[in-house]
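Trainee: I have a model open and would like to learn how to read it. Where do we start?
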Amino acid sequence: MKTLYILFFFLNPSFFFFGQQNKICFTIDDLPVVNYGISDTNFQKNIFSKMIISFNKNKIPAIGFVNEHKLYTNDTLNSFQTQLLNQWVTNGYELGNHTFSHIDYNSSNLKEYTTDLERGELITKEILTQNHQCLKYFRHPFLHVGNTKGKADSLTEYLAKKGYIIAPVTFDSDDYIFASAYQKAYVKNDTLILKQIGKDYITHLQSKIHFYEKQSNTLFGRNIRHILLLHANLLNADYMDTIAKLFIDSQYDFINLDKAIKDELYKTEITVYGRWGISWIDKWALSKGYTKDFFKDEPTIPVYIENYK
Ligand SMILES: [Zn+2]
């Protein structure tokens, strides 16, 4: 019996990874869809469904952050758009508030910002309630949390009073830069470039995994439970399975946002403020006094992608 137990212990893969398994939460911003001007419903449905199918298949407990202005066409609620959100929630995925109009806190005051934020929670709340969930997470558009301590504190205080939990980001994928070029190539039916952009995006994510792991280890001596920022675009829809595989191959487990922010490292104090939209890793590093060297190996985006017309 004892021999059997020992054998099981060694055959169990968790033995080898115990205490070392990396963890990541997938967060998808700007729901329902970042369509870069293509309003065709089939196109949008395709993006949305592909993401959900991949989350189901890869058991990724994703959360989506909604801009409710996208649910309206000429001030009338568009049932196609609300159906997409319904589909998301009935498939078991969470939703959070990302303000109504994707308002920028750097160019608005607290009153303007919170008015927009409250306008952005109405339909999402309704859909979540119908599905026995509640709205609890908030993600700042552009990751702009307030460029001074006073401005940041007043919003944090407001969010806490409203019962919102802030959704930080530790892993910025830069996906929107690749996605914009990718969709242009898609529209032009430029299949060679389309494939190249996809390939370079995955290579970029791979480099970013190493980069953020290194940063986290330098800052904290271990890899934090990461929170990945992606957007609901065609590129991610087409590559979600590949992205999932990339993280699985790097020994990552997929966890929900609740579990991610339970990592005590999220309590790390932030003492510096600016107009930047940077990851929490970067904010913690600046707060701890790290300088240029800490950021120097950040993977760059191929020039042709930024210049693609
Ligand atoms: Zn956004």
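Mentor: With one cut-off. A residue is buried if 20 or more other C-beta atoms lie within 10 Å of its own. Keep in mind that this is a predicted model.

Trainee: Which residues of strand β5 are buried, and on which sides?

Mentor: Start with the general idea. In a regular strand the side chains alternate between the two faces of the sheet. Now the case here. Strand β5 covers residues 94-97. Glu94 and Gly96 are buried on one side, and Leu95 and Asn97 are buried on the other. Both faces of β5 are covered.

Trainee: In which sense do β2 and β5 pair?

Mentor: In the parallel sense, over four bridges. Strand β2 holds residues 63-66. To find your place, look at Ile63, which stands opposite Glu94 in β5.

Trainee: Is Phe65 buried or exposed?

Mentor: Count neighbours. Phe65 sits in strand β2. It is buried because 27 other C-beta atoms lie within 10 Å. Then ask who the neighbours are. Beyond four places in sequence, the contacts of Phe65 include Gly96, Asn97 and His98. Thr27, Asp29, Leu31 and Arg139 are also in contact with Phe65. Pro141 is 76 residues from Phe65 along the chain, yet their C-alpha atoms are separated by 9.7 Å.

Trainee: How many residues does the largest nonpolar core have?

Mentor: The largest nonpolar core has 56 residues. Among those with the most contacts inside it are Phe26, Met51 and Leu228. Take Phe26. Leaving aside neighbours within four places in sequence, Phe26 touches Ile60, Ala62, Leu228, Leu230 and Phe254 by the contact criterion. Another core lies apart from the largest one and has six residues, including Ile103, Leu117, Val145 and Leu155.

Trainee: What does the radius of gyration say about the whole chain?

Mentor: Compare it with a rule. For 309 residues, a compact globule would have a radius of gyration near 19 Å. The protein chain has 20 Å, so the two agree. The C-alpha trace spans about 70 × 50 × 45 Å along its principal axes. The chain has 14 helices and ten strands. Of its 309 residues, 35% count as buried. Among contacts with a separation of 6 or more, 80% join residues 24 or more positions apart.

Trainee: Which backbone features deserve a look?

Mentor: Check omega, then phi. A cis peptide bond joins Leu31 and Pro32, with omega about 0 degrees. Pro32 lies in the loop between β1 and α3. His102 has phi near 60 degrees. It is found in the loop between β5 and α5. Phe142 also has phi near 60 degrees. Its place is the loop between β6 and α7.

Trainee: Why do His102 and Phe142 count as partly exposed?

Mentor: Count again. His102 is partly exposed because it has 16 C-beta neighbours inside 10 Å. Phe142 is partly exposed because 14 other C-beta atoms lie within 10 Å.

Trainee: Where does pLDDT stay under 50?

Mentor: Read the average, then the stretches. The protein chain averages a pLDDT of 93, and 94% of the residues score at least 70. Over residues 4-10 the pLDDT stays under 50. The model has two contacts beyond four places in sequence for that stretch. Over residues 12-18 the pLDDT is below 50 as well, with three contacts beyond near neighbours in sequence.

Conventions: Residues numbered from 1 in each chain as written. Buried ≥ 20, exposed ≤ 12 C-beta atoms within 10 Å, placed from the backbone. Helix = DSSP H or I, 4+ residues; strand = E, 2+ residues; numbered from the N terminus. Pairing = 2+ DSSP bridges. Contact = placed C-beta atoms within 7 Å. Rg over C-alpha atoms; globule rule 2.2 N^0.38 Å. pLDDT = per-residue confidence, 0-100. Core = buried A, V, L, I, M, F, W, Y, C linked by C-beta atoms within 7 Å.
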